[in-house]
Amino acid sequence: VRNVRFILISLVVGSVTFTVARLIENAYVFFAGYVVLQYIVLATAWNILGGYTGYVNFGTAAFFALGAYTTVVLHKTVPFLPLPAMMLAGGLISGIIGLGMGYLTLRLRGTFFSIATLAMAVVAQTLITNWNFVGGSRGAYIIRPADSPIFPGDYIQYLFVVMLLLSVTSVSIARAIQHSRLGYGFSAIRDDELAAEASGVPTLRLKLIATALSGGLMGMAGAPLPYYVTYLDPASGFSLSYAVNTIAMPLIGGTATWLGPVIGAILLGTLQQVATVTISSALSLLLVGLLLVGFVIAAPKGIVGWFKR
Amino acid sequence: VTARAGHETRITGRAADTDQTASFAEGQSQAVPPQPSQSTDLTQPAGQRKLAPALEGSSITLLASRTPAHCAQQTQGTFLMWANNFRKATSQRSRHSPDYRVETSQAKLMDLSFDLLGNALVSGLLLGGFYAAVTIGVSISFGMLDIVNIAHPAFVILGSYTAYIANSDFGFDPVLSGIALSPAFYLLGTTIYYVYDVSFERRGDASIRSLAFFFGILFISEVALVLVFGVDYRLVDAPYIGPSLHIGVIDLPLRLLVPCLISLALIGTLQLFMSYTFIGRAIQAVAQDPIALRLMAADPSRIKRIAFGLSIASASIAGAILIVIQPVEPSIARDYIGRIFAICVMGGLGSFGGTVVAAMTLGVMESLTSTFYGPSWSPAVAFGFLLITLAVRPAGLFGRR
C-alpha cells in the first residue's frame with residue numbers, strides 16, 4: 001500500500017512538472033528537463049548496485065550507449081516500433097550484458113568488478129566503432145518525428161513524458177527494493193559480504209539481480225537518446241561524462257537511500273544545464289569532478305547525511 | 001596517413017590495368033589482389049614495395065589508433081583492404097598453382113607474411129616494454145599498497161604534457177626532462193597519498209569513496225588538460241624520433257626502441273631499490289602486515305606515502321616516453337586504464353618481472369591484431385584480455401595466490 005501511495009504521489013509530482021513545463025512555453029525547458037530526468041534514472045540505477053550493494057560500476061556509459069544503439073538498430077530494421085518497445089529492448093540487452101559481466105567478475109573482489117566495467121565500456125565502444133551497420137565511427141543519423149504520437153505537442157514533449165515515467169518507475173523500484181527483503185540482502189552484502197554469505201544470504205544471486213536491474217534501467221534510459229540528439233556517434237554515446245555524472249550524483253546526494261540519487265541528479269543536473277548555458281560545457285564538467293572529489297572527502301554521507309545526523 | 005592511403009590505391013589501380021592480372025584474377029576484377037600482381041611486374045623494385053605494408057603495419061600501430069576519427073577510418077580501410085586481398089590471394093594459390101607466375105607470387109607472399117609477422121612481433125615486444133613502464137606505477141600502488149589508483153594514466157598523461165612543455169618551450173630532451181621532473185611528481189604523489197590517507201584510509205571502509213576519489217581525479221585532470229591545451233595532438237622533437245635500425249628485414253624504430261630500453265632501466269632500478277634498501281623491503285612488507293612493520297620501527301603510513309610517491313614519480317618518466325612514441329591528447333588516458341590493469345592483474349599484482357612479461361605479451365597481441373585486422377581493433381584486445389584474465393585466472397599468470 002505504501003508503494004502504491006508513493007507511486008501515486010510521484011505521478012502527481014510528475015504531471016505537475018509536465019504542466020509547469022508546458023506553461024513556460026519554451027522548448028528548451030523540455031530539452032534541459034529531459035537531461036535532468038535521464039540523470040535521475042541513471043543515478044537511481046547506479047545506486048541500486050553501487051549504493052545498496054557497494055559494487056562500483058564505472059561502465060554506465062556502456063550500458064547507456066548499448067540501449068541507445070539498440071534503438072538505432074531497431075530504427076533501421078523495424079522503424080514502426082513505438083519508442084517504449086524500443087526502450088524495453090534496450091533495457092533487455094543492457095540487462096543481459098550486465099548479467100554476463102556480473103557472472104564473470106562478481107565472484108572477485110569489488111575492485112575487479114569496477115575495473116572490468118571500465119574495460120567493458122571500451123570493448124563495447126570498439127565493437128560499435130567497428131560496426132558499420134550502426135554508422136561505425138561516423139555515427140548514425142536518426143530523424144526525429146515532428147509531433148508527439150499520443151498527445152498534441154512537439155516530439156520532445158513526448159520524449160520528456162516518456163523519461164518522466166521511466167524516472168518515476170525507477171525511483172519506485174529503488175524505493176521498493178530499499179524496504180524489501182532484497183534490499184536488506186543488498187545492505188548485508190555492502191556491510192560485510194563474508195558475514196552475509198555465512199548467514200545464508202545468496203550473495204552471488206543478489207549481486208547478479210542488482211547488476212542486471214541496474215544495467216537494464218541504464219539501457220532503458222539510453223534508448224530514447226538517438227531521438228533526442230538525432231545524431232549519435234560512439235564518442236558521444238560512450239562519453240566518460242555519463243560515468244562521472246552517474247557516480248557523482250548518488251555520492252553527492254547520499255548513497256544509502258533512494259532519495260540521495262534523486263537529490264543529487266536534480267541538483268547536479270540542473271547546475272550543469274545552467275553552467276553549460278552560462279559558462280561553458282567543459283567548465284561545467286570540471287565542476288562535477290571537483291564536487292565529486294570534494295563531497296567524497298568532506299561529506300561521506302552526502303547531502304541526505306546532513307539532515308540525518 | 002592520407003598520403004599512404006593514396007599510395008595504396010594507386011598500386012591497386014595500376015595492378016588492375018595490367019592484363020596479366022586480368023587473366024590471373026579470373027573474373028574477380030573487383031577483388032584484384034595487389035600483392036601477387038605486383039610481384040609479376042618485374043620492373044618494379046620488389047623489395048621496397050614488399051616491405052612497405054609491413055613497416056606501416058608495425059610502426060604506425062600507435063599513431064593510427066589515436067589519429068582523428070576520419071584518419072583512423074582511412075587507415076583501417078587501407079589495412080582491411082590489404083588484409084582481405086592477402087587472404088584472397090592465399091586462398092587462390094591452390095587453385096592456380098600450375099601457373100608459374102603464381103608460384104613466384106606465392107614465394108613472395110610467404111616472404112611478405114614472414115616479414116610482416118616478424119616486424120609485428122618485434123614492434124609488439126618494444127611496445128610491451130613501454131607498457132611495462134606505464135604499468136609499473138600501478139604495480140606498486142595497486143599491487144603492493146592495495147590502493148586502486150585508476151587515475152594513474154592521468155598522471156602519465158600529465159607527465160607527457162610536462163615533457164612536452166620542457167621540450168617545446170625550452171628545447172630539452174623529453175626523456176631527460178621526464179627523469180628530471182620525477183621528483184616533482186614524487187611530491188605530487190605524496191601529497192595525494194596524504195589526502196587519501198586522511199580522508200579514507202584512517203576512517204576505514206572506504207572502497208567506494210576512494211574509487212570515486214581517484215575516478216574524480218582522473219576526470220578533473222582530463223578536463224583541466226582540455227581547458228589548458230585543447231584537444232589537439234601534441235608532439236615532441238628528439239633526435240631518436242624518426243630513424244630506425246634495420247636488422248635484415250626486421251625494422252627497429254628508435255622511437256620505440258629508446259622508450260623500451262628506458263622503461264626496462266626504470267623497472268630494473270625500482271626492482272633493485274625494492275630488494276636491497278630498507279625502505280624498499282618495508283614497502284613490500286607493508287601490504288602484508290602493517291603491524292609487524294610497526295614493530296620494526298617503521299611507520300606504515302610514511303612507508304606507503306613514499307611508495308605512492310614513487311609510483312607517481314614513475315608516471316613522469318612513463319609519460320615522457322609515451323609522448324615520444326605517440327602524439328598525446330588528454331583523453332587517451334582512458335585507453336590506458338584497461339591496458340594498465342590488464343597487465344597488472346595478468347602479471348600477478350606487485351610482481352615486477354610478471355609485469356614486464358605480461359606487458360610484452362599484450363604488446364605483441366595488440367601489434368598482431370592491428371597488423372592483421374586494423375588498428376581500430378587494438379583497444380579491444382587489452383580489455384578482452386583483462387576480462388578473460390579476471391574470469392579465468394584472477395591471480396594472474398605469475399600470481400602467488
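How much area is buried between chain A and chain B, and what share of that area do carbon and sulfur atoms give?

## The interface between chains A and B

In this predicted model, about 3800 Å² is buried between chain A and chain B, and carbon and sulfur atoms give 81% of that area. On the side of chain A, the residues that lose the most area to chain B are A:Ile115, A:Asn130 and A:Leu240, which together make up 15% of what that side buries. Counted by contacts, 41 residues of chain A meet 41 residues of chain B.

Polar pairing across this interface can be stated briefly: the count of salt bridges between chain A and chain B is zero, and the count of residue pairs in polar contact, with both residues at pLDDT 80 or more, is one.

## What chain A contributes

Four helices of chain A, namely α4 (83-105), α5 (110-129), α12 (240-253) and α14 (281-298), each supply at least two residues of the side that touches chain B. Of the elements of chain A, α5(A) gives the most to this side, with 11 residues. Sorted by class, the side of chain A that touches chain B holds 28 nonpolar residues, 11 polar residues and two charged residues.

## Chain B and the largest nonpolar core

Chain B has 17 helices and two strands, and 57% of its 401 residues count as buried. Among the contacts in chain B with a separation of 6 or more, 77% come from residues 24 or more positions apart.

The largest nonpolar core has 201 residues, and those with the most contacts inside it are B:Phe142, B:Phe213, B:Phe214, B:Phe215 and B:Phe341. Helix α14 of chain B, residues 300-325, gives the most to this core, with 14 residues. For one of these phenylalanines, B:Phe214, the neighbours beyond four places away in sequence are B:Ile147, B:Val148, B:Asn149, B:Ile150, B:Ala151, B:Ile192, B:Tyr196 and B:Phe308.

## A buried threonine in chain A

A:Thr211 lies in helix α9 of chain A, residues 203-222, and it counts as buried because its relative accessibility is 3%, where the cut-off for buried is under 20%. A polar atom of the side chain of A:Thr211 lies 2.6 Å from the backbone oxygen of A:Lys207. Leaving aside residues up to four places away in sequence, A:Thr211 touches A:Leu49, A:Gly98, A:Leu106 and A:Phe113.

Notes. Residues numbered from 1 in each chain as written. Chains lettered and ligands numbered in written order. Predicted model: local features only at pLDDT ≥ 70, side-chain atom pairs only at ≥ 80, totals over all residues. Heavy atoms only, no water. Contact = heavy atoms within 4.5 Å. Buried area = accessible area lost by both parts, 1.4 Å probe. Salt bridge = Lys/Arg side-chain N within 4 Å of Asp/Glu carboxyl O. Polar contact = N/O pair within 3.5 Å; in protein donor to acceptor, adjacent residues only side chain to side chain. Nonpolar A, V, L, I, M, F, W, Y, C, P; charged D, E, K, R; others polar. Core = buried A, V, L, I, M, F, W, Y, C linked by side-chain atoms within 4.5 Å. Buried < 20%, exposed > 50% of the residue type's maximum accessible area, 1.4 Å probe, protein only.
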